[in-house]
Amino acid sequence: MKLLIEKLQSLQHATGHLVREIAEISVPKIFNRGLLLSTPEHSYPELYFIDNGLARGYFTHQGQEQTSWILARGFILPTASFFSLSSSIEYINFLKDSSGYAISLSHWSELGKINPVFLLMLLEIYEENLQHIKQREQMLRIRHAETRFLYFQQKYPELINLPTHEILASLLAIESKYLFKIKRKYRK
């Protein structure tokens, strides 16, 4: 719970009282390796916080899995929109045993009806997620594969060796055989 509380406290609109209220509605969870948390057909209206582990988001295109993101720590938003009720094409699964918390968005929304600052905190979490999406998009616009790999290595050093080679290749949009050559060149 310590990492979740620290993350909530780092939000601009957080106060001790608001953080305690959110901590009270947070349910501890264990996510086993291989667990499919969410699919396009089914997504729980919950915000997840991973404090230890490894998760990824992916979609399928022409029968192949394309990795959208990987995460060792932080918030995972539901694949289907809670507010607009729109659907998604994303799957979320765990690449190793992980632990964290589930926070019901319905409960969070109820807290927001009592005190709108709760919703500002939630908006900050969604904005942070949007910034991560923009960073990934910018990374994918780097034309040279080796430069893209180095950018990812510098930006996310804790993740460079965590996922399998195929997942990292998919995330970086680099063909697997070329990623092997690049990794070999920059092996520390």
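**View 1. Gly100 and the residues around it.** Let's start with Gly100, which is found in strand 6 (strands are DSSP runs of E, at least two residues, and helices are runs of H or I, at least four residues, both numbered from the N terminus). The model shown is predicted, so local features need pLDDT of at least 70 and side-chain atom pairs count only at pLDDT 80 or more, while totals for chains, interfaces and linings use all residues. Residues are numbered from 1 along each chain as its sequence is written, and side-chain values use heavy atoms, with hydrogens and water left out. Is Gly100 buried or exposed? Gly100 counts as buried because its relative accessibility is 4% (buried means under 20% relative accessible area, exposed over 50%, partly exposed in between, with a 1.4 Å probe and protein chains only). Setting aside neighbours within four places in sequence, Gly100 is in contact with Val27, Pro28, Lys29, Phe31, Phe49, Ile50 and Asp51 (contact means heavy atoms within 4.5 Å). Lys29 sits 71 residues from Gly100 along the chain, yet their C-alpha atoms are separated by 5.3 Å.

**View 2. Strand 3 and its partners.** Here strand 3 (residues 46-61) meets strand 6 (residues 91-104), antiparallel, through 11 bridges (two strands pair if DSSP finds at least two bridges between them). Look for Asn52, which stands opposite Ser99 in strand 6. Strand 3 also pairs with strand 5 (residues 74-76), again antiparallel, over three bridges, and there Ile50 has Gly74 as its bridge partner.

View 3. Strand 4 (residues 64-71) runs antiparallel to strand 3, and seven bridges join them.

**View 4. The largest pocket.** About how much volume does the largest pocket have? The volume is about 1100 Å³. Among the 41 residues lining this pocket, Trp69, Asn129, His132, Ile133 and Arg136 are the closest to its centre. Strand 3, strand 4, strand 5, helix 4 (117-140) and helix 6 (165-172) each give two or more residues to the lining, and helix 4 gives the most, with 11 residues. The lining splits into 22 nonpolar, 12 polar and seven charged residues (Ala, Val, Leu, Ile, Met, Phe, Trp, Tyr, Cys and Pro count as nonpolar, Asp, Glu, Lys and Arg as charged, and the others, Gly among them, as polar). On a 1 Å grid over the protein atoms alone, a pocket is an open set of points with protein on both sides within 12 Å along at least five of seven lines; a cavity is a set where a 1.4 Å probe fits but cannot get out, and lining residues have an atom within 4 Å of a point. Points are joined across faces, edges and corners, and a volume is the space filled by probe spheres set on them.
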